[in-house]
Amino acid sequence: MQEGSTGRFILDQITDGQLDWAALSSPFDIMVLEGPSGRKEFPMYSGEKAYIQGLKEKFPQEAAAIDKYMKLVKVVSSGVIYAVLLKLIPLPVIQLLSKFGLLTRLSPFLWASTQSLSQVLQQLPASPELQAVLSYIFPTYGVTPKHSAFSLHALLVHHYLKGAFYPRGGSSEIAFHTIPVIERAGGAVLTRATVQGVLLDSAGRACGVSVKKGQELVNIYCPIVVSNAGIFNTYQCLLPESARTLPDVKKQLGLVRHGLSMFSVFICLRGTKKDLGLESTNYYIYFDTDMDKAMERYLSMPREKAAAHIPLFFITSPSSKDPTWEDRFPDRSTVEVLLPTAFEWFEEWQEEPQGKRSSDYEALKHSFVEAALSHILKLYPQLEGKVDSATGGSPLTNQFYLASARGACYGVDHDLGRLHPRVMASIRAQSPIPNLYLTGQDIFICGLMGTLQGALLCSSAILKRNLFLDLKKLNSRIRAQKKKN
C-alpha cells in the first residue's frame, strides 16, 4: 500500500484516491515460539534489507539458506502474472500445454504452484526451527506448510517485504470510499437485502436475483449476474436445484474443498494504547516447530479437549494501528485473536437461531475465549484487570455475518490442489451458467489484493476487454502527467 505500488494504484481508482493508509511500526510481525527451552521471538522488519538482516541475526549459521530462500521468493512472486494469464488464455490451449507437461515450465511461479512450502524449505536445506520461522505467515491463507503451495507463500512474503499498512479510520473506510464511485457510475449499494437465489430463464441463463425485503421476496431482473458469495454458496445455495446438478457445475465443485474455519475473540479494554503498552505489531504464537503435526493433532481432537491444545494464536490490536482511533474512542482499546478451529465441533448448533443457541454451544465458545485470554495476558501481563469484555465468534458466527460457507473466512481451501496450474486455469470468472459470473477471493486468492485481482478478471471477462492492460496504460499516463507537472 506504499505510494507507487500497483495495489495502491488500483485501490485509488475505485476509492477516488480518498483511502489513506497508515504504515505499521517495524517489526510489523513477530513470530513467537513457546517451547520446552522457553520463549523465542523472531521479528519481521519492514524493508527487504532489514527483513533479511533480522532473520540472519537469529540464524547466523544459516545465512546461505536465508539468501537462497529470499531469492526464490523474489523469482517466484515476480511471475504471478502467469496465474492471471492462466485465467485469460482459452481453456483448450491450457489443456494442450498441460497434456505435454509444458504448463509448469512456463514460469517459476507455475512450477512453485506444484511444490509444497515444506518441500522447498527442506531442499534449501533449513533447520526445523528456521523452517518454522520462514513458514510463520501460513495462517494468513489458512493452509499448513505440507499442504500449501510455495507460489502463494512467496507471493505473500514478497507482498509484505516493504512493511504492512492499515486503512486510516478502520477497514470500513474501504467500503465507505468505494460506494460513492459505484453510485456515481449509476449503481446502488443495498444492505439488509439478502439474495435468496439466482433466477434462470427458460434457456437456463441467469436473468436476475431473488432478494428478501422484510418477509417478502422481490425479483430483480438484469442481463448479467455477478456473485461474490463464493463458489460453494453460489453453486450449492443460490442456484435453482435443476442447475446444481449440471455436470459442469459439479465438475467445478469437485476441483475444490472448503477452507479452514476460524474462531475470533474480540477484546475491549479500558485505556489508551500508550497506557496499556499496546503496539501495531502482529503476533503469531506457536508451540511446536512442526506445524503440520500440531494442526493435525489439534483438529482430530474431540471438541471438549480442543481449547487446551490450540496450536497457534494470531494476536493483533486494530485500535493501535489506526491513527484516528483515540479521537473517536478515547480511553478505549481493542485486541483481536484469531485461532484455527474445526467446523464439525460447532455443526450441531447451526440450525439454532443466532444469539439464542444452547448453553452447551456457549460453554464451548467460552472455553476458546478463556484460552485466548490466558495467552494474551502472558503476552501483555499489563492488561490484567483492564478487560471490559471478551466476545467469541465461532465458525457459525462467520457463517451468519460473513455468509462464509462452513465458517471458512478465506473461502475455498488454498491447498496444493486449488493452486495447481490446471485448477487455477479451470476456475474462472465465467461460470457454467450463461450470464452468471463469479468474483471475489475464490477466483484468484484470498485477501484484499487477491480479491481485487478476482474483480479485474471478472470485469475483463464481462467486458471482453483486458482491464489489466487498461490499468497499466492509465498508470503510465498518470505518471507521465506527474512528471510534466
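I began with S11 and strand S12 (residues 332-341), which pair in the antiparallel sense over three bridges; I count two strands as paired if DSSP finds at least two bridges between them. Helices (H or I, at least four residues) and strands (E, at least two) are DSSP runs, numbered from the N terminus. The model is predicted, so I note that local features need pLDDT of at least 70 and side-chain atom pairs count only at pLDDT 80 or more, whereas totals for chains, interfaces and linings use all residues. Residues are numbered from 1 along each chain as its sequence is written, and side-chain values use heavy atoms, with hydrogens and water left out.

**Entry 1: S11.** I found Thr316 opposite Glu336 in S12. Strand S10 (residues 282-286) also pairs with S11, antiparallel, over four bridges, and there Tyr286 has Leu312 as its bridge partner. I then looked up burial, taking buried as under 20% relative accessible area, exposed as over 50% and partly exposed as in between (1.4 Å probe, protein chains only). Five of the five residues of S11, residues 312-316, are buried. Leu312, Phe314 and Thr316 lie on one side, and Phe313 and Ile315 on the other. In a regular strand the side chains alternate between the two faces of the sheet.

**Entry 2: sheet S5-S6-S7.** I recorded an open sheet of three strands in the order S5-S6-S7, with antiparallel pairing. Strand S5 (195-200) and strand S7 (216-221) are at the edges with a single partner strand each, so one side of each lacks a neighbour in the sheet. Strand S6 (residues 206-213) is joined to S7 by six bridges, and Ser210 stands opposite Asn219 in S7.

**Entry 3: hairpin S2-S3.** I noted seven bridges between strand S2 (residues 29-35) and strand S3 (residues 38-44), which run antiparallel. S2 and S3 form a hairpin with two residues between them, and Asp29 stands opposite Met44 in S3.

**Entry 4: H13.** In helix H13 (residues 247-254), I found Val249, Gln252 and Leu253 buried. They cover an arc of only 100 degrees around the axis, and therefore lie on the same side of H13; the arc is that of the directions from the helix axis to the C-beta atoms. The face turned away from this buried side carries the exposed residues Pro247, Lys250, Lys251 and Gly254.
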